[in-house]
Amino acid sequence: MISGRSDWCISRQRTWGVPIPVFYHVDTQEPLITEKTIEHIKGIVSEKGSDAWWYMPTEELLPEKYRDKASEYRKGTDTMDVWFDSGSSWAAVSAKRDGLNFPADVYLEGSDQHRGWFQSSLLTSIATTGKAPYSSVITHGFVLDEEGFKMSKSVGNVVDPEKVIVGGKNSKVCCYRNLCYFLVLRSEICLNLVQEEPPYGADVLRLWVSSVDYTGDVLIGSQILRQMSDMYRKLRGTMRFLLANLHDWKPENSVPYSDLPKIDQYALFQLENVVASMKDGYDNYQFYKIYQITCVAQLLYYVMPYA
């Protein structure tokens, strides 16, 4: 995509946006842009913002060297391409703010940015610093509803993260909910008694995010969230059960590996495999694999029978 990219015209003719700080001679239309003019304007923008270009007179925008000729120049009205704005964000963020590094570890955006932000960031950084502004790039798909359709307010299929966390307008919760789960009831009657938009909390939403393969489009909806809520409770219950078994364990109670029963040695062997696989998942930003290992393969079907 980069090798086949055409020339990038960064000027736009709009009534809004970040101005291109160029002056033009009134008679010859010759552009005036030098290191001194840029430095002077940069100081003004740092103090007053980019709108200063529009409301300040040319005399004040020009450095002292050109002020006696201010009447011979006019301000340019072209604005920067918005991709230039976002593409130079690395210079204002990663390279300037304390605690951040340049280049950034990761740039994260949707697959539509392969020709957008990823490229404009790369071009501006290479042109001015000689290196890319990021060490890695991660692209993700889009969030769709449960039927695989694009979310739209007019259609009414938008899943609001805030409602997922704190719940919707229907605040009634089934008084038999705990009993229903205790009896492992999943009947339609029970589900109808439960709140239509229950408050799942942030952890259920986080768990859903970690469970999906974001490299493609992902689905979310009420049924998926209910299933994720069930999985969250199972995972949390499993963790609490395992931790309860370890509450009185002390390091001095350790048994040498050679003295352990074969089943315990095998369990430790499996644990090492799990740790290695999870570390690999984190290193490669494949969080859904960590979810699969933790929730499905190991804890729920392997550890519990032997605990």
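Is Tyr282 buried, partly exposed or exposed? Select Tyr282: its relative accessible area is 48%, so Tyr282 is partly exposed (buried means under 20% relative accessible area, exposed over 50%, partly exposed in between, with a 1.4 Å probe and protein chains only).

A note on the source: this is a predicted model, in which local features need pLDDT of at least 70 and side-chain atom pairs count only at pLDDT 80 or more, while totals for chains, interfaces and linings use all residues. Residues are numbered from 1 along each chain as its sequence is written, and side-chain values use heavy atoms, with hydrogens and water left out.

The whole structure holds nine aromatic pairs (rings of Phe, Tyr and Trp, the last by its six-membered ring, pair if their centres lie within 6.5 Å; planes under 30 degrees apart count as stacked, over 60 as edge-to-face and the rest as tilted). Select Trp8 and Phe84, a tilted pair with 5.9 Å from centre to centre and 45° between the planes. Trp8 is in the segment before strand 1 (11-12) and Phe84 in helix 4 (residues 82-87), 76 residues apart (helices, H or I with at least four residues, and strands, E with at least two, are DSSP runs numbered from the N terminus). Trp8 is partly exposed at 25% relative accessibility, and Phe84 is partly exposed at 24%.

Phe287 is partly exposed, at 32% relative accessibility.

Finally, select Tyr107, Trp117, Phe118 and Tyr134, which ring pairs link into a cluster.
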